[in-house]
Amino acid sequence: MNIGSYNSLKVVKRVAFGLYLDGEEAGEILLPNRYVPADAQIDDYLDVFIYTDGDDRLIATTDKPLAVVGDIVPMHVKAVGSYGAFLEWGIMKDLFLPFSEQTADVNEGDTVVVGLYLDNKTNRVVATMRWGRMLDKTMTPDFAEGDEVEVMVAGKTELGYRVLINNAFVGLIYQNEVFKPLRMGDKMPAYIHRMRADGKIDVRLNKAGYAAIEGESARLLKLLQESGGYLPTTDKSPAETIYEVCGMSKKTYKKAVGELYKKRLILLKDNGIVLVKK
């Protein structure tokens with residue numbers, strides 16, 4: 001039987017407040033009435049999730065939690081207490097994130113990326129923001145520059161954003177290469193930029209053509225991405241309109257548009273500029 005995971009357990013007893021399931025060496029485990037299937041019978045096997053309640057008793061539920069032991073996922077902070085934070089788990093019990101397992105300030109209403117592990121001393125499932133230690137260190141990344149991967153934004157550093165690559169490796173997106181708002185838990189395609197000699201992996205959100213854009217052109221590109229891929233300005237727009245929309249002079253705007261257009265990153269329309277879909 002695995003605490004913090006799904007188990008198929010046999011019904012051995014019916015009582016007024018639920019069913020008892022055979023937890024083998026862990027003893028009988030209660031499935032409260034609110035979770036009992038209407039057609040459940042003695043000797044049936046039920047697929048249940050096992051966790052410990054506030055009194056450290058094993059409890060079964062047919063509800064589906066947002067994550068099980070071994071998962072690395074974004075979760076919502078429901079409250080912060082004296083010893084840590086409590087995360088919404090999708091079941092009646094909240095998931096505990098101790099202060100000792102936090103790598104940044106955590107406040108009510110935040111979204112944090114955590115890994116779930118079983119504390120063998122208490123048999124409690126606990127969350128940790130130090131999820132990197134949960135990755136399989138025997139796996140060697142086999143990426144080449146330009147490879148497309150899936151990343152999840154999982155942390156913020158002074159250099160940029162830590163990301164989980166393909167649910168298996170840690171990567172970094174540098175702040176100066178971020179051209180759209182990123183939130184914890186966001187998942188998106190990305191591209192391998194560099195495999196470092198020290199084993200670290202640099203990632204970019206866009207293909208190399210985007211990475212080559214710098215200065216005001218990069219700022220205009222970021223504005224386009226944040227505006228859904230369209231800006232209602234052209235080289236014939238009044239300077240005042242261009243400054244109001246783009247925050248730059250008309251001369252600077254025209255130069256930035258020219259660079260993006262030459263790199264085939266935008267289309268020029270009569271009523272504005274449009275980001276080319278990749």
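Two strands are said to pair if DSSP finds at least two bridges between them. Helices (H or I, at least four residues) and strands (E, at least two) are DSSP runs, numbered from the N terminus. The model described here is predicted: local features need pLDDT of at least 70, side-chain atom pairs count only at pLDDT 80 or more, and totals for chains, interfaces and linings use all residues. Residues are numbered from 1 along each chain as its sequence is written, and side-chain values use heavy atoms, with hydrogens and water left out.

Strand 17 and strand 18 (residues 272-275) pair in the antiparallel sense over four bridges; within strand 18, V274 is the bridge partner of L267. Both strands belong to an open sheet of three strands with the order 16-18-17 and antiparallel pairing. Strand 16 (230-231) and strand 17 (266-269) stand at the edges with a single partner strand each, so one side of each is left without a neighbour in the sheet. Helix 2 (residues 215-226) lies across strand 16, strand 17 and strand 18, and runs at about 80° to strand 18. Axes are lines fitted to C-alpha atoms, for helices over the stretch in contact (heavy atoms within 4.5 Å), and angles run from 0 to 180 degrees between N-to-C directions.

A further sheet is a barrel, closed by five strands in the order 11-12-13-15-14 with mixed pairing. Its neighbouring strands are turned by 55° against each other on average, direction ignored. Strand 11 (residues 148-156) and strand 14 (residues 187-195) pair in the antiparallel sense over five bridges, and K187 in strand 14 is the bridge partner of M152.

A nonpolar core is a set of buried Ala, Val, Leu, Ile, Met, Phe, Trp, Tyr and Cys residues joined through side-chain atoms within 4.5 Å. Buried means under 20% relative accessible area, exposed over 50%, and partly exposed in between (1.4 Å probe, protein chains only). The largest nonpolar core has 36 residues, and L31, L87, W89, L97, V114 and L116 have the most contacts inside it. Strand 4 (residues 45-52) supplies the largest share of this core, five residues. A second, separate core of 18 residues includes I165, A190, I201 and L205. Beyond four places in sequence, L31 touches residues including F17, V36, L46 and V48.

R14 lies in strand 1 (residues 6-15) and counts as partly exposed at 48% relative accessibility. Leaving aside residues up to four places away in sequence, R14 touches L19, A40 and I42. The R14 side chain reaches the backbone oxygen of A40 at 2.8 Å.

Technical notes
Polar contact = N/O pair within 3.5 Å; in protein donor to acceptor, adjacent residues only side chain to side chain.
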